[in-house]
Amino acid sequence: MAPEDFIAAEAALLDAGRFDDWLALFAEDGHYWVPLQGAAQADPVSHNSIAYEDRLLLALRIERLKNPRAHSQHPASHSQHVLQRSRIEREDDGSGEVLLHTPFLYVESRGEQQLLLAGSLRHRLVRTVAGWAIRQKRVDLLNAGRALPAIQLFI
Amino acid sequence: MTYRDRPEAIAALVQDDRVHRDLYLSEELFALEQERFFARTWLYVGHASQVPTAGDFWSLELAGRPVMMVRQADGALRVFYNRCAHKGSRLVSDECGNTGKFFRCPYHAWTYKLDGAPLAIPLKSGYEGTRLKECESGRGLTELKHTAVYRDFVFVRLADEGPGFEEFFGEVLGAIDNMVDRSPEGRLTVGGGVLRNIIHCNWKMYLENINDTVHPMSTHESATQAADALWQGRAPDAPKPMAMEQILPFGSGYDFFDKMGGRVFANGHSVLGVNFSIHSNYAQLPDYEEAMRNAHGAERAIEILQRSPQNSVFFPSLSVKGSPQAIRVIRPLAANLTLIEAWSFRAAGAPELLFERAMSYNRLVFSPMSVVAHDDVHLFESMQQGLRAEGNEWISLHRNFDPSELQQSTITTNGTNELLMRNQFRAWAKYMAPGMEAQA
């Protein structure tokens, strides 16, 4: 699969609510990262983030969503990613990594409420025997540092 | 107008053991809160480390008024209204920055010194013989005269009437001391940015919940069950990732929260977890403890480090955690809209791990993506909706009510006693009453 198609398929899994399948796309050392400074942030250590999660924390998030007593999911949230075409920023044959940049709009709806976020996804994919795996999915929001309502699913 | 000219109607909303729904729903009461309650109480503005250098400013909205905290040339801090004396434009529209040696209004170039004094006005001769100099517009920026800086935490009282700073906060100031004293050098700096949440609920729901020890078992059931499920089967002494160390204690039972104990003070303030808390069992750091003993002496070092309350509420705008070193700031925007900020601190002379704990905790528990906060926020917004129901206009705060509590100000009690909330509402009623006397 071309890495650009992998990005589109990844977002489609989220919008279909197939979170276990989505988590399986991450490498063992994979991270999901939403920096608090958006695209300006250098690293996840020196400044805080809206989310910086390894597979364990992502699994926790997904387990919670399955629990009927995840109160904030009554009514349930649904997401729609609207992606611009992914652009390959860098390929490294040595490490088997490829970096992609994908501008997006993200809509999350729940009951009468609808949340709209905009920004860019930055994927660091690594080639494995089973296909591509996500080493890092970085979500650079336009307005990460401003007040946000609850974002319940995965951008 | 139901309340403005009827103090008895406001007083009747806060009974000994319950409060009326209008405290959360009424826009008229919110307007009166902005005018009276938030003006007469001491509100948190910010931390001195946000403006380290002369000319640095931090601007924000406080109870509906634009204000800015400014570092002076002599190192002092002053707080002004962010308003040009001429026609009212805000002088700064960025949240933070450095203005140099003076403020210059972008509209007509009126300038002001860092201490607010008027500096220059274009076409000065046009004002000769006018009354400009004798009125407010000729006097420069309006300073918030009632400003207090307590160990670098900056507070203001907007109104001339109301209690003095020490009188208002009293013993709860010890919670700031505990946080600052955790730095072997006695100094904190903000770091890592601020997480901001917008919640469609009245501010009181958020502040009550900070003292609510009975909700975690049911509200956070989904998050704690997920954490338990992922962690089960590991040896009890297996090293926990920081995130697990911070999330798993949310699943503690009623007994744990009851025994942690709580204490209330006059004017709505409180400390929850006077005996222990969900923050008590973070991994020990021998090098840091040695630095603390060297700085404070062995006895005092133990006293500081063993005190890890769940939350200390500086009613009505600030909640402090000494460990992890994090604060929440409550900014009411409307009767049904509240902004919550979560800030992390770095303690000078302490290991970076403490700062990482603060950032990690804020990210896990107070971020817009927090799996813990999602259920809190849902319930706050749900109450804001549910209270519109007819048939019962009251919110119950009966748990452990004891009439003798009405005669005392400082009370130490069990951790699940709703006294910690009743105490907030008694202060609310006090500062909502019309006609307080002006005090120095």
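Reader: Which residues of α6(B) are buried?

Author: In this predicted model, the buried residues of α6(B) are W203(B), K204(B), M205(B), Y206(B), L207(B) and E208(B).

Reader: What makes I151(A) count as buried?

Author: The cut-off is 20 or more other C-beta atoms within 10 Å. I151(A) has 23 C-beta neighbours inside 10 Å, so it counts as buried.

Reader: Where is I151(A), and what is it in contact with?

Author: I151(A) is in the segment after β7 (131-141) of chain A. Leaving aside neighbours within four places in sequence, I151(A) is in contact with E108(A) and L115(A), and with P368(B) and M369(B). Two residues are in contact if their C-beta atoms lie within 7 Å.

Reader: How many Å separate I151(A) from D5(A)?

Author: Their C-alpha atoms are separated by 26 Å, and the two residues are 146 apart along the chain.

Reader: Why is chain A called as compact as a globular protein of its length?

Author: Start with its elements. Chain A has 3 helices and 7 strands. Along the sequence they follow the pattern α-α-β-β-α-β-β-β-β-β. The globule rule gives 15 Å for 155 residues, and the radius of gyration of chain A is 15 Å, so chain A is as compact as a globular protein of that length.

Reader: What box do the C-alpha atoms of chain A fill, and what share of its residues count as buried?

Author: The box is roughly 45 × 30 × 30 Å, taken along the principal axes. Of the 155 residues, 37% count as buried. Among contacts in chain A between residues at least 6 apart in sequence, 56% join residues at least 24 apart.

Reader: How do you know that the radius of gyration of chain B agrees with a compact globule?

Author: Chain B has 440 residues, and a compact globule of 440 residues would have a radius of gyration near 22 Å; chain B has 23 Å, so the two agree. Its C-alpha trace spans about 85 × 60 × 40 Å along the principal axes. Chain B has 15 helices and 20 strands. Buried residues make up 44% of the chain.

Reader: How many residues of chain A are in contact with chain B?

Author: 29 residues of chain A are in contact with 31 residues of chain B. On the side of chain A that touches chain B, β2 (49-53) and α3 (55-66) of chain A each supply at least two residues.

Reader: What makes β5 and β6 of chain B stand at the edges of their sheet?

Author: The sheet is open, with 4 strands in the order β5-β4-β3-β6 (chain B) and antiparallel pairing. β5 (77-81) and β6 (96-98) of chain B each have a single partner strand, so one side of each is left without a neighbour in the sheet. The twist averages 25° from one strand to the next.

Reader: How many bridges pair β3 and β4 of chain B?

Author: Strands β3 (residues 56-62) and β4 (residues 65-71) of chain B pair over 6 bridges, in the antiparallel sense. Two strands pair if there are at least two bridges between them. L60(B) stands opposite V67(B) in β4(B).

Reader: Why is one side of β7 and of β9 in chain B left without a neighbour?

Author: Their open sheet has 3 strands in the order β7-β8-β9 (chain B), with antiparallel pairing. β7 (102-104) and β9 (118-120) of chain B stand at the edges, and each has a single partner strand, so one side of each lacks a neighbour in the sheet. Here the twist averages 35° from one strand to the next. 3 bridges join β7(B) to strand β8 (residues 111-113) of chain B. The bridge partner of F102(B) in β8(B) is K113(B).

Reader: Which domains does chain B have, and how many residues are in contact between them?

Author: The domain assignment gives domain 1 (44-150) and domain 2 (162-432) of chain B. Between them, 6 residues of domain 1 are in contact with 10 residues of domain 2. The side of domain 1 that touches domain 2 divides into 3 nonpolar, 3 polar and no charged residues.

Note on methods
Residues numbered from 1 in each chain as written. Chains lettered and ligands numbered in written order. Predicted model: local features only at pLDDT ≥ 70, side-chain atom pairs only at ≥ 80, totals over all residues. Buried ≥ 20, exposed ≤ 12 C-beta atoms within 10 Å, placed from the backbone. Axes fitted to C-alpha atoms, helices over the stretch in contact; angles between N-to-C directions. Domains from an automatic or database assignment. Nonpolar A, V, L, I, M, F, W, Y, C, P; charged D, E, K, R; others polar. Rg over C-alpha atoms; globule rule 2.2 N^0.38 Å.
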